[in-house]
Amino acid sequence: MKKISPQVWIVVAAGIAVILGALVLAKANPAEAIRTLGTGSFGSMRALSGTLKETTPLLVAGCAVYLALQAGLFNIGVEGQLVMGACTASAVGVKMPTPAGFFVGCAAAMIVGGLWALPAGWIKAYRGGHEVITTIMLNNIAIYLTDALVIGPLKDPAAAYPTTESLSKATRLASAVKANDLQINFALLVGVGIAVGMAIWLKKTKPGYELRATGANATAAKFAGVDTKRVTLSAMVVSGAIGGLAGALMVFAHEFRFYQGFSPGYGFDALGVALLAGSSSFGLLPSALFFGALAKGGTALAALSIPKGITTLTLGVVVLAFAAVRYGRKAKGGGDGA
Amino acid sequence: MSYAVELIDISKRYGTVQALDSVSLKVKQGSIHAVVGENGAGKTTLMKALYGAMHPDSGTIDLFGKRHTFAGSAQAIEAGVGMVSQHYGIIGELSCLENLIVGSEGSGVLNLKGAEERANELAKKMGFEFDWKAEASTLSPAGAQKLEILKLLWRNSQIMILDEPTAMLSPADSDALFESLSNLAKEGATILVVTHRLPEVFGYCDEVTVLRGGKWIAAMPVAETDPESLAKAIVGGELVQRPPLSTETGAPALLTVSDLSVKGPKGNLQLKNCSFQIRKGELVGIAGVDGSGQRELFQALMGTTRPVSGSIRFVQGATEQDWTNLPTRERLKQGLRIIPEDRLAEAVIEEWSLIENATLGLQRIPPFDKLSGNAVEPEALKIADLFNTKRGSLNDAMSGLSGGNQQRFVAARALLYDPALVLAFQPARGLDLNSTARVYSKIRELCDTGTSALVVSFDLDELLEYCDRIVVLCSGEFSEPKPDEGRDRDAIGRLMVGAK
C-alpha cells in the first residue's frame with residue numbers, strides 16, 4: 001500500500017466539511033443527524049430489513065455496471081435495462097400466476113435487458129460510437145416506453161394510477177429468513193451469488209481473463225489473440241441482462257408489480273456502487289450495503305425534517321474521495337526507466 | 001575547466017531496490033557526454049534527477065557552478081535543462097507548431113504567427129524542415145525526434161538530455177541527428193546522451209560515463225578508450241558470445257506469403273504485392289527505414305489486419321494452413337509468437353502483475369490453458385528468469401519495471417512455449433549489448449530445432465550480426481539482395497532507400 005498523498009486528505013476533509021456544512025444549513029444538529037442515520041438503517045431488525053431490501057437492487061445492478069467496467073465499458077444504461085426488465089417480469093408474472101412464472105419472468109427480463117444493451121454494445125464494438133452516449137439515449141427510450149406500456153396495455157383496469165396488476169402469491173419470491181422483524185428475501189442471496197460468481201469467473205477463467213485484458217488494454221488484448229469486438233459486445237449484453245434481472249428481482253421480491261416511476265434511480269446509484277467496489281467484485285457487497293444503508297437511513301432523516309438529499313450528497317463525496325485515492329495512486333504508480 | 005553539470009553522490013532507493021548508489025557525473029559545457037550501461041544500470045534514473053523528475057535521497061546538483069534543488073521538472077526547465085525521453089511527448093492531434101510551443105506558450109493570446117517565424121529560424125539553424133501546420137501524428141519517428149529537439153531549443157535549454165534518441169531511427173537518420181547535436185555542442189550546448197549503441201559513442205561523443213547496477217563504474221574521454229574495453233566496463237565481465245549463423249538452406253518452407261497487399265491506418269496501400277518464403281529453422285531479418293510497410297506486414301501475419309489481397313500459408317506439422325483470414329487466436333494455437341513493437345501499448349498490461357502478464361497471449365496455450373490465479377506463478381518465474389528480468393515481487397505491477405526489463409519479460413514470454421514462428425519487431429529495443437545477444441541466442445537455439453523467426457529492425461547492423469538472411473522493405477515493396485550481396489551492408493543500404 002502506497003502512502004496516500006496530501007491532496008487525497010484534502011478531498012476527504014473538504015467532503016466532510018461539505019456534509020457538516022450542509023447539515024448546519026439545514027438547521028440540523030450534525031451529531032443527531034448521524035445518529036438518526038445509523039439507527040434508521042441498522043438500529044433495529046426492521047431497519048436492517050429495510051436496508052437489505054434497498055441493498056438488493058443496488059447489488060444486482062452494481063454487478064451489471066461492474067462487469068461492463070471490467071471490459072472497459074461505462075454502462076450508464078443499467079437504469080433503462082432495469083426498468084425494461086422489471087416491466088417485462090411483471091407482464092410475464094401477471095400472465096403466469098404460478099411458481100414457473102418467476103423463472104420465466106426472470107429469463108424474459110434478462111433477455112429484454114440484454115437486447116436493450118445490444119445496440120450500445122454493437123455500436124461501440126463495430127462502429128466506434130461511445131457507449132456512454134448510446135446508453136443514456138436508450139435510458140430515456142426505456143423510461144418513456146415502459147411509461148407508455150403501463151399507462152396503456154399493461155395497466156390494471158381497476159387501478160387509479162398507472163400500474164400493472166399485482167402478482168399472485170404463487171409467483172412471488174419468498175423470504176429466505178423470516179424471524180420476527182428480520183426479513184431477508186432470496187433475491188439478496190441471488191445478488192450475493194452473482195457478485196461471488198463473477199469474482200471467481202473474472203479471476204479464474206480464460207474468458208474472464210480475456211474480458212479484463214480487453215478492458216485494461218484493448219490493443220494488447222488483440223495482439224494476444226482476443227476477439228476484442230466480440231468481448232465488448234457480449235460484455236455489454238450480459239451486463240444488460242444482469243441489469244434486467246435486477247428489475248425482475250425487485251418485482252418478484254418486493255414490489256409485486258410494475259408502475260410508473262418504478263426505479264428511484266437504482267441504475268444510476270449502481271454506478272457509484274461499482275466504482276466504490278474497487279478491484280474485486282467481492283467489494284460490491286459492502287459497497288451496495290453502504291449505499292443501501294444511506295438510502296434507508298435517509299428516510300429516517302426526513303422525520304427530523306432534514307432533506308433526504310443530504311444522503312445523496314454524502315454518497316457523492318464518498319465516491320469522489322474514493323476516486324481521488326484510487327486514481328491518485330494510479331497516477332503515481334508510473335514506472336521508472338532503466 | 002568549468003562544468004555545466006555536476007551531479008555529486010546521487011543516491012535513490014525505490015522500495016528494496018537501490019536504483020542509484022552515490023553516483024557522480026560531470027559534464028563540460030559544449031560537449032556531448034554519453035551515459036552508458038546495461039538495463040537497470042540507473043541511467044534514466046540519474047537523468048531524471050537532473051531533470052527534476054525524481055528527487056534523489058541524497059547528493060547535490062550543480063549547474064554552471066550554482067547549487068540547485070529541484071522540486072519538479074518545471075524548475076529544472078527554468079534552470080535550462082531539457083529532456084527528450086524514450087517515449088516522445090508528442091501530442092498527435094495538435095499541429096507540429098502547437099506541439100513545439102505547448103507548455104511554453106506564454107500568457108494571454110497565442111501568437112502563432114510570431115511563433116512560426118521563430119520556429120522556422122530554429123529549424124533552419126538545425127537543417128530541419130517542418131510543415132508546421134501538419135498534424136503531429138503524421139510525423140515519422142525521425143520527425144518526432146527532431147521536433148522534440150526543437151522543443152528543447154525553443155525553451156532555450158542549455159543542457160539537453162536525450163534518452164536513447166536513435167532507438168527508432170534508421171542509420172542515416174541517426175547520423176543526421178548526431179551531426180546536428182555536434183553543431184549544437186559547438187555553439188555551446190551541453191548534451192547528455194543515454195545510449196546502448198557504442199558506434200554513436202565513438203563517432204560523436206566527447207566523454208563517456210559508465211554505470212552498472214546503480215553504481216558509478218568509470219568516466220573518461222572517449223579518445224582514451226576503445227569499444228572492447230568500454231563494452232567490458234559496461235557488462236562488468238566478458239561479453240556474451242554471438243550465436244553462429246546457420247548456413248542450412250535445404251529445409252522446406254514454413255511460411256509462404258504471396259502477393260500480399262495491406263492497407264495502412266490512413267487507408268493507403270502500405271504493403272504492395274509482397275511475396276516471400278521462410279524456411280523451417282530460418283532466422284530472417286527485414287531491413288528498411290521506419291514506415292516502409294513493416295507494421296502492415298506484421299499486422300497481416302498476426303491476423304490483426306485483413307490483407308486487401310494475396311495469401312498467407314503456414315505449414316503446421318504436415319498440413320498446410322490458410323492463414324490469410326484466420327483469427328489471431330488460431331494462429332497463436334498453431335505456434336505463432338509475437339514480440340510486438342510497442343511493449344506498453346501492445347505487449348503488456350501495465351497495471352497488472354507480472355504473474356497476470358505472463359499469461360497474456362498464451363492464455364489458450366498449454367500449460368496456461370489449464371492454469372489460473374497463483375498457479376501461473378512458476379511459469380511467470382520461468383519467464384522472468386530466462387533473461388534475468390530485474391524485478392521486485394512477481395505480484396508487483398508491470399509498470400514498476402524499467403523499459404528494458406519489460407522488454408526482457410516480453411521477449412522471454414514469446415520464446416519459452418514451443419514457438420513455431422516468432423515475429424519480432426525491434427526485439428532489442430531498449431536492451432543492452434548482452435541482453436540483445438541473449439535474446440538472439442535463444443532465438444537461434446529455437447531455430448536449430450526447427451522454429452523460424454522473422455525479425456524487423458531499423459538497425460541494419462543488428463540484422464547483419466544475427467540473421468541468416470536479410471530481405472528489404474522499401475515504400476511497401478519487397479526486395480532481396482543479389483545472392484552474392486546478401487551480407488553486403490552497402491548493397492542492402494541502397495535497397496533500403498530504393499536505389500538499385
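The model is predicted: local features need pLDDT of at least 70, side-chain atom pairs count only at pLDDT 80 or more, and totals for chains, interfaces and linings use all residues. Residues are numbered from 1 along each chain as its sequence is written, chains are lettered from A and ligands numbered from 1 in written order, and side-chain values use heavy atoms, without hydrogens and water.

**Helix pairs in chain A**

Helices (H or I, at least four residues) and strands (E, at least two) are DSSP runs, numbered from the N terminus. Axes are lines fitted to C-alpha atoms, for helices over the stretch in contact; angles run from 0 to 180 degrees between N-to-C directions.

| Pair | Angle | Axis separation |
|---|---|---|
| H3(A) and H11(A) | about 65° | 7 Å |
| H3(A) and H10(A) | roughly 175° | within 7 Å |
| H11(A) and H12(A) | about 140° | 8 Å |

Angles under 35 degrees count as roughly parallel, over 145 as roughly antiparallel, 65 to 115 as roughly perpendicular and the rest as oblique.

H3(A) and H11(A) pack at about 65° with axes 7 Å apart. That angle makes H3(A) roughly perpendicular to H11(A). From H3(A), the contact residues (heavy atoms within 4.5 Å) include Glu54(A), Pro57(A), Leu58(A) and Tyr66(A). Among their partners in H11(A) are Tyr266(A), Asp269(A) and Val273(A). The contact of H3(A) with H11(A) holds 12 nonpolar residues, one polar and two charged. Here Ala, Val, Leu, Ile, Met, Phe, Trp, Tyr, Cys and Pro count as nonpolar, Asp, Glu, Lys and Arg as charged, and the others, Gly among them, as polar.

H3 (residues 45–70) of chain A also meets H10 (residues 228–255) of chain A, with the axes crossing at roughly 175°. That makes H3(A) roughly antiparallel to H10(A). Lys53(A), Thr56(A), Val60(A) and Cys63(A) are among the H3(A) residues in this contact. H10(A) answers with residues including Ala235(A), Ile242(A), Met250(A) and His254(A). The contact of H3(A) with H10(A) divides into 15 nonpolar residues, four polar and two charged.

H11 (residues 266–277) of chain A packs on H12 (residues 284–303) of chain A at about 140°. That makes H11(A) oblique to H12(A). This crossing is right-handed. H11(A) contributes residues including Asp269(A), Gly272(A) and Leu276(A), while H12(A) contributes Leu284(A), Ser287(A), Ala288(A), Phe290(A) and Phe291(A). Eight residues of the H11(A)–H12(A) contact are nonpolar, two are polar and one is charged.

**Pocket and cavities**

On a 1 Å grid over the protein atoms alone, a cavity is a set of points where a 1.4 Å probe fits but cannot get out; a pocket is an open set with protein on both sides within 12 Å along at least five of seven lines; lining residues have an atom within 4 Å of a point. Points join across faces, edges and corners, and volume is the space filled by probe spheres set on them.

The second largest pocket has a volume of about 1300 Å³. It has 38 lining residues, and the closest to its centre are Ser137(B), Leu139(B), Pro141(B), Arg295(B) and Glu341(B). Helix H9 (218–223) of chain A supplies at least two lining residues, as do H5 (141–154), strand E11 (253–263) and H9 (294–302) of chain B. H9(B) gives the most, with five residues. The lining of this pocket is 15 nonpolar, 14 polar and nine charged residues.

The whole structure has six cavities of 30 Å³ or more. The largest cavity holds about 170 Å³. Of its 15 lining residues, Phe223(A), Ile338(B), Leu360(B), Gly361(B) and Arg413(B) are the closest to its centre. H14(B) gives the most to this lining, with three residues. The lining of the largest cavity has 11 nonpolar residues, one polar and three charged.

**Backbone in chain B**

Most residues other than glycine have a negative phi, and most peptide bonds are trans. The bond from Pro366(B) to Pro367(B) is cis, with omega near -5°. Pro367(B) sits in the loop between helices H12 (354–358) and H13 (377–386) of chain B. Gln426(B) has a positive phi, near 50°. Gln426(B) lies in the loop between strand E17 (421–425) and helix H15 (433–448) of chain B.

How values were computed. A crossing is left-handed if the near helix is turned anticlockwise from the far one by less than a right angle, and right-handed if clockwise.
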